[in-house]
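The sequence and structure come next.

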Amino acid sequence: MTASLAITTQQVKQAAAALKKLRPTYADLLNFYEKIFVAQEDSKSQIKIDPIKISEEILALKKKEKNSLLDMTEFELEPGSAAALLVRICQIVEAANPEMADSARVIRKAIASEALDPQPLFAALLKAEDAYFKKIEKDLGIEKKVLAFVAYSSIKPSVVHCAEQLASYLDPEQVWDKGFCPICGSAPGFSLFEDEGQRILFCGFCWHRWTAQRIYCPFCENKDSNTLHYYFSETEKDYRIDVCDSCKTYIKAVDKRNTDRIIYPPLEFVATLHLDIKAQEMDLKSGIQIDLQ
Ligand SMILES: [Zn+2]
Ligand SMILES: [Zn+2]
């Protein structure tokens, strides 16, 4: 299991340029996310968080029971850089995402006037405390999904950094066959097939990448090949969706055997919303929450 998203901002820009050329209809969306991801990679390159320690005893137990190393609430954040990134992310949203701009502006002003404290916001996000988000939504007159988006976007560099450090506790040779991320227990959000056909899954939360069994559903752990399929389009052979008949869930994948462009999975994820629409027309659900607006 190699580091999840070890890539430079320059490579993010190259990956975005290649995708924009390939799929011009996604240009506005890609321009927006390119700015978000570049800001995140810039922030991540400066992060210094001491590695989260797991005792040998706990580690042995986790491995025996095939549990994740921790849960979302246990991630360490670098408060200052996450708060600074929150303001930067709001500015990017205001300038490049008309749909979310109004809420982002109110959030940024509330931070400046100290009506909104970023640290409880980050804590509430890690604890998935919906009541907190509902309260802020009401108090500030904003959309809570925008608040969740800017908050997650701001803590992501810290979360990915911690996940990369925690990966040293895992055996890189072990093929994982559980329906959740071996680091944080969240559902996988995206998948990739390597040049040799090796199947890689990426966590939908901490973006840890792990080698997964080829024939299995990464949500319900179904291993019956008769009920596992994949679909692809003749015009887009670099993508596929893997589907499980048992839990009616799908996951999107990029197939590196059919493309040689630089792959930055978070960008591929947003440049494939048409696959989510198709899958949902087929009455399939995503393993993670997807906003199709
Ligand atoms: Zn994870
Ligand atoms: Zn399934």
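Lys44 has 15% relative accessibility, so Lys44 counts as buried. The model is predicted.

Lys44 sits in helix α2, which covers residues 27-44. Its side chain makes a polar contact with the side chain of Glu164, at 3.2 Å. Leaving aside residues up to four places away in sequence, Lys44 touches Pro157, Val160, His161 and Glu164.

## The nonpolar core

The largest nonpolar core holds 94 residues. Phe75, Ile183, Cys206 and Leu267 have the most contacts inside this core. Helix α8 (residues 144-166) gives the most to the core: eleven residues.

Take Cys206. Beyond four places in sequence, Cys206 touches Phe75, Val159, Val160, Ala163, Cys181, Ile183 and Cys184. Val160 is also on the contact list of Lys44.

## The zinc site

Which residues coordinate the zinc ion (ligand 2)? Four cysteines do, each through SG: Cys217, Cys220, Cys244 and Cys247. The distances run from 2.2 to 2.4 Å. Along the chain, the donors follow the spacing C-x2-C-x23-C-x2-C. Cys220 and Cys244 link distant parts of the chain, 24 residues apart. Cys220 lies in the loop between β3 and β4, and Cys244 lies in strand β5 (residues 236-244).

The ideal angle for four tetrahedral donors is 109.5 degrees.

Cys244 has 2% and so counts as buried.

Asn222 is placed in the loop between β3 (209-212) and β4 (228-233). Cys220 is in that loop too. At 13% relative accessibility, Asn222 counts as buried.

What does the side chain of Asn222 reach? One of its polar atoms lies 2.9 Å from the backbone nitrogen of Asp224. Beyond four places in sequence, Asn222 touches Tyr216, Cys217, Thr227, Leu228, Cys244 and Ser246. Among them, Cys217 and Cys244 are zinc donors.

Technical notes. Residues are numbered from 1 along each chain as its sequence is written. Chains are lettered from A and ligands numbered from 1 in the order in which they are written. This is a predicted model: local features need pLDDT of at least 70, side-chain atom pairs count only at pLDDT 80 or more; totals for chains, interfaces and linings use all residues. Side-chain values use heavy atoms; hydrogens and water are left out. Helices (H or I, at least four residues) and strands (E, at least two) are DSSP runs, numbered from the N terminus. Buried means under 20% relative accessible area, exposed over 50%, partly exposed in between (1.4 Å probe, protein chains only). A polar contact is a pair of N or O atoms within 3.5 Å; within protein, one must be able to donate a hydrogen and the other to accept it, and residues adjacent in sequence count only if both atoms are side-chain atoms. Contact means heavy atoms within 4.5 Å. Donors are N, O and S atoms within 2.8 Å of the metal (3.2 Å for Na, K and Ca); water is not among the atoms, so sites may look incomplete. A nonpolar core is a set of buried Ala, Val, Leu, Ile, Met, Phe, Trp, Tyr and Cys residues joined through side-chain atoms within 4.5 Å.
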